[in-house]
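Try each one before reading its solution.

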Amino acid sequence: MTISTSCLVYVLLVFISLASHARGAIRIIKPWPDNVYPIEGENTAVTCVAFDKNDASSRPVIKFVQTLDLGGTKQITDEGPNGHTYFTTKKAMDGRKVSTTLHIKNVTLNDDTKNGGRYLCEAYNASGDDPWALAKDTFGFMVTVIERSEIPTIQVSEGETVKFGESINLGCNVTMGSNSLWNSIDHSAWIKDDKVIDETLCPDRDKLDNLVIKIDKPEKAGVYTCVLTAKLRNTRPYKIYGNITIQVTPRFTKVQMTALEFESGGQAEMQCSAEGNPIDIIWKTKTAQTGGKTEVLNQTAVASRFTFSKASPYSGFNLSIDPLEDEDRGLYYCCIRNDNSSTEDTSSCQEFVLVSTCPGSKYECRDGTCIDRNEHCNGKIDCPDASDEKGCGLLIAWPYPPNVWGMVGDSVQIPCTARNDGTYPAVVKFKRRDSLYQYVDIPNTARVYQTNSTANKSIGLTRTTVLHIHNMTVDDDSNVYRYICSASTPGAQGEQQQGFQVIVVKDEDLPRADVNSVNANFGETVNLTCKLTFTGTTGQVSITSLHWMRDNKVIANGTDTGIGPYTIRSVSTKDGGDYKCLAKVEIRSSKEYQTLLGTAKLTVFVKFFGVQSEIIGSVGERVILECPAEGYPLKIQWSRKTGPSTETMLKDTAGKYSITRPCEYCRYTLTILDLSLQDFGVYICTAATGSAGSGSHNFVLSLSESGPSTPTAGGNSTEPTTESSASTASRVTSLLLVCLCLIGLM
């Protein structure tokens, strides 16, 4: 019997191959590639480790592939760190152990296993001695992409500003995502200052228990956070947060003035009773060193005799002076900062006074405070105990009648207070200069009139008269004829007078501009312009600056001569709305005013985005349809096909339909409750009248044949197979060929 040469060569090659496989023992080892559950737009990574413990010359190489529907695989390419997929590799034991990580950036639904195929990690021998080029080992895993619309959302109560002693009721409502069966909530908690206040396991999905807090301490105000822990696809833990900011209006727990004994070279400590959250404290002083004027103390000065401290951010504010010097005598104020108050204003302050004996050049208040002589009987209280205004006779008291201004058609009120000792001032009235330059009484009319009242105040017996001017005209302006407030008492000689100004501005005196509105498609770049056409009447109005404003926030600034275009790139729904061009002006170089030059409206044309159109539901379930339309303005009408060419309009119906839109830029949703067989069919969302464009989208609501299902975990078993399926199949085939060849020789 003779054996063919070709057959012997083939047998030899097969055995060499089998021997090669026997030598190589490359395996995918722990930690195994894990199933991952990224959210749309996130980055994810999966690591695969290969090792050959038997062959020191083996150099494993790892590749990642996806299975194809018709069989076979496609290799995942390395697009580099800036690409969608890329790899990083680490080697150990001189290359015998390799760890390769597959990175997927900005995950999309196309990366999902159900859309692109099951993922495999394949381990090869890099030495190139394998003629079959087959993977030594494989391990499968799944990438399950979670759509953003599946994720539950929460809506918390609006923040509040309350007073001490009041209670707040904080709510946290849950809106389940589009796939509530696969994305459950298993824990909720209220947290403040990193501490759990209240928590619930397995809460009701639609509404959590409200949190009721009594604000009796400043620390109880602040930021309260509602935290929900969801399990996305019943596997991945995911936290959802909602913050509520509670503020408590600052207050003083002690309002009486505090007198401190002055001793040169000694120490004085002032303990302020202010508390609040948030709170900003400033210290003011009025001493001989400040010339009798109220000034704000510098709390950041280095190497100062003045030390400022606080027990907490909300209370316990102290001022210490050490050592005391003669010029430190006088008034000190612990004040709650108010952006609208002036330096001289001490109405929101707690008062302290350093008492001592005054030198002969000063006036000494009854409580020992020293003030300048010219502050005695000036109609303004300068002593903490108001003793400087006692026994002064008839005076027009501070605050004096203010200078006021307004637009034509506005209304203003000007108060004037006079004080006296022992009896009320008999007459306090307003006068105006006439054409003969004499001051005459202002007569009462339906438009201009005076009211008055009396009071017993610390400065003496007072009478206050208020001048009311309604529907102002240019004739009311002080430039026409001046105003004074006059106070007199029967039997007294002369009268007390105090002048003031009334400024009236016409609309035509204000600056004007051409402001454009724009229509745009998604993704376009637009420019909103505000071009000055009139800068204001010279001598009446002058521009100090121009601004673009949206939602009461300044978004761009200009100069006193103009403002450039406001550019919006890649326009989206949230860019739609009103943009205001405003000018800050000075009225007669004395009064600041902000005027609206025009409003630019950005209209964003409606666009319907591509989404899944078939929705699967089961009887008794709840489904949520999210209309994929965006634009500004947008109004959506929901309807249902009831025949080949007929539709029925849908509206909110208790127990059946709920149409919602969380915000003016959000998408509309239709929630269908308690599905019945009659609910399955075609639903349509249509851009209704009032929208910036038209269009519609159809949803097909179908009955689930087997009810909701949960995806299996996927991947290999907990231990890898001893050989890859491809490698095993190759060996079986080779052995069969050997047997057939030998049979042919017999």
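**Exercise 1.** Find where Ser304 is in the chain, and decide whether Ser304 counts as buried, partly exposed or exposed.

Solution. Keep in mind that this is a predicted model. Start with the strands: Ser304 sits in the loop between strand S22 (295-296) and strand S23 (306-310). Next, take its relative accessibility, which is 32%. Buried means under 20% and exposed means over 50%, so Ser304 is partly exposed at 32%.

**Exercise 2.** Describe the second largest pocket and work out which domains it lies between.

Solution. Begin with the space: the second largest pocket holds about 450 Å³. Its lining has 21 residues, and Tyr333, Thr346, Glu351, Ile381 and Trp398 are the closest to the centre. Now sort the lining by type, which gives 10 nonpolar, 5 polar and 6 charged residues. Strand S25 (330-336) and strand S26 (349-355) each contribute at least two of the lining residues. Because domain 3 (253-356) and domain 4 (394-505) both give residues to this lining, the pocket lies between them.

**Exercise 3.** Sum up the protein chain as a whole: how many helices and strands are there, and what percentage of the residues is buried?

Solution. Count the elements to get 3 helices and 56 strands. Of the 746 residues, 44% are buried. Then turn to the contacts with a separation of 6 or more: 62% of them join residues 24 or more positions apart. To finish, the accessible surface is about 38800 Å², and carbon and sulfur atoms account for 50% of that surface.

Key: Residues are numbered from 1 along each chain as its sequence is written. This is a predicted model: local features need pLDDT of at least 70, side-chain atom pairs count only at pLDDT 80 or more; totals for chains, interfaces and linings use all residues. Side-chain values use heavy atoms; hydrogens and water are left out. On a 1 Å grid over the protein atoms alone, a cavity is a set of points where a 1.4 Å probe fits but cannot get out, and a pocket is an open set with protein on both sides within 12 Å along at least five of seven lines; lining residues have an atom within 4 Å of a point. Grid points are joined across faces, edges and corners, and a volume is the space filled by probe spheres set on the points. Helices (H or I, at least four residues) and strands (E, at least two) are DSSP runs, numbered from the N terminus. Ala, Val, Leu, Ile, Met, Phe, Trp, Tyr, Cys and Pro count as nonpolar, Asp, Glu, Lys and Arg as charged, and the others, Gly among them, as polar. Domain bounds come from an automatic or database domain assignment. Buried means under 20% relative accessible area, exposed over 50%, partly exposed in between (1.4 Å probe, protein chains only). Contact means heavy atoms within 4.5 Å. Accessible areas come from the Shrake-Rupley method with a 1.4 Å probe; for residues, only the protein chains shown count as cover.
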